[in-house]
Amino acid sequence: MSVAKKIILLQNPEETAQFAEMIGATLVSGDCLLLEGPIGAGKTHFARHLIQSLQNPPEDVPSPTFTLVQTYETTVGELWHADLYRLTTLDEIEELGLADAFETAICLVEWPDRLADLAPSTALRLTFESDPTSEAKRTLSCAWSDPKWSSKLEQIENV
């Protein structure tokens, strides 16, 4: 299966939030976004804005660093936001119930490297990188093999 890629330059946190809202508008149950990047790269900022864009009314969206998973009822169905940073074994991840959520909910997973073989092959991988010349700028690398992401990203470009 070939992997498609796209690079997006985000000039500031507002553009990151705007991109999150636009991709959020394309999501349906069974979609999974794997959010990669170092601490402080913008993963939680992105996730917070995406989740709030799907809520009516928007509510507070805390980082799931300590709870591991936060679930939300949204206008398009259940959404799981997971932060796997503190996990070290696949058994711990399996106990969270993520495998079932990958099929029935929208899932946003921070630190997806912890998933190993459990990562859905249909996921959109988003890698956030800080810009060494500007604290506000981010480079977002998108990678996917499922063709549905090509059309979803095209929808965003045409907005």
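**Sheet order, helix packing and local backbone features**

Strand 3 and strand 4 pair in the antiparallel sense, over six bridges. Pairing requires that DSSP find at least two bridges between two strands. Helices (H or I, at least four residues) and strands (E, at least two) are DSSP runs, numbered from the N terminus. Within this pair, glutamine 70 has histidine 81 of strand 4 as its bridge partner. Two residues lie between strand 3 and strand 4, which form a hairpin.

The model is predicted: local features need pLDDT of at least 70, side-chain atom pairs count only at pLDDT 80 or more, and totals for chains, interfaces and linings use all residues. Residues are numbered from 1 along each chain as its sequence is written, and side-chain values use heavy atoms, with hydrogens and water left out. The predictor's confidence in each residue is given by pLDDT, from 0 to 100. Its mean over the protein chain is 93, and 98% of the residues reach 70 or more. Confidence is lowest in helix 3 (residues 90–96), with a mean of 88. It is highest in strand 2, at 98.

Strand 4 (residues 77–83) pairs with strand 5 (residues 106–110) in the parallel sense, over five bridges. Opposite aspartate 83 stands glutamate 110 of strand 5. Contact here means heavy atoms within 4.5 Å.

Axes are lines fitted to C-alpha atoms, for helices over the stretch in contact; angles run from 0 to 180 degrees between N-to-C directions. The axes of helix 1 (residues 13–24) and helix 2 (residues 43–53) come within 8 Å and cross at roughly 45°. The two helices are therefore oblique to each other. Angles under 35 degrees count as roughly parallel, over 145 as roughly antiparallel, 65 to 115 as roughly perpendicular and the rest as oblique. Helix 1 contributes Pro13, Thr16, Ala17, Phe19, Ala20, Glu21, Ile23 and Gly24 to the contact. Helix 2 contributes His45, Phe46, His49, Leu50 and Ser53.

Two backbone features lie in loops. The peptide bond from asparagine 56 to proline 57 is cis, with omega near 0°. Proline 57 is in the loop between helix 2 and strand 3. Tryptophan 111, although not a glycine, has a positive phi of about 60°. Its place is the loop between strand 5 and strand 6.
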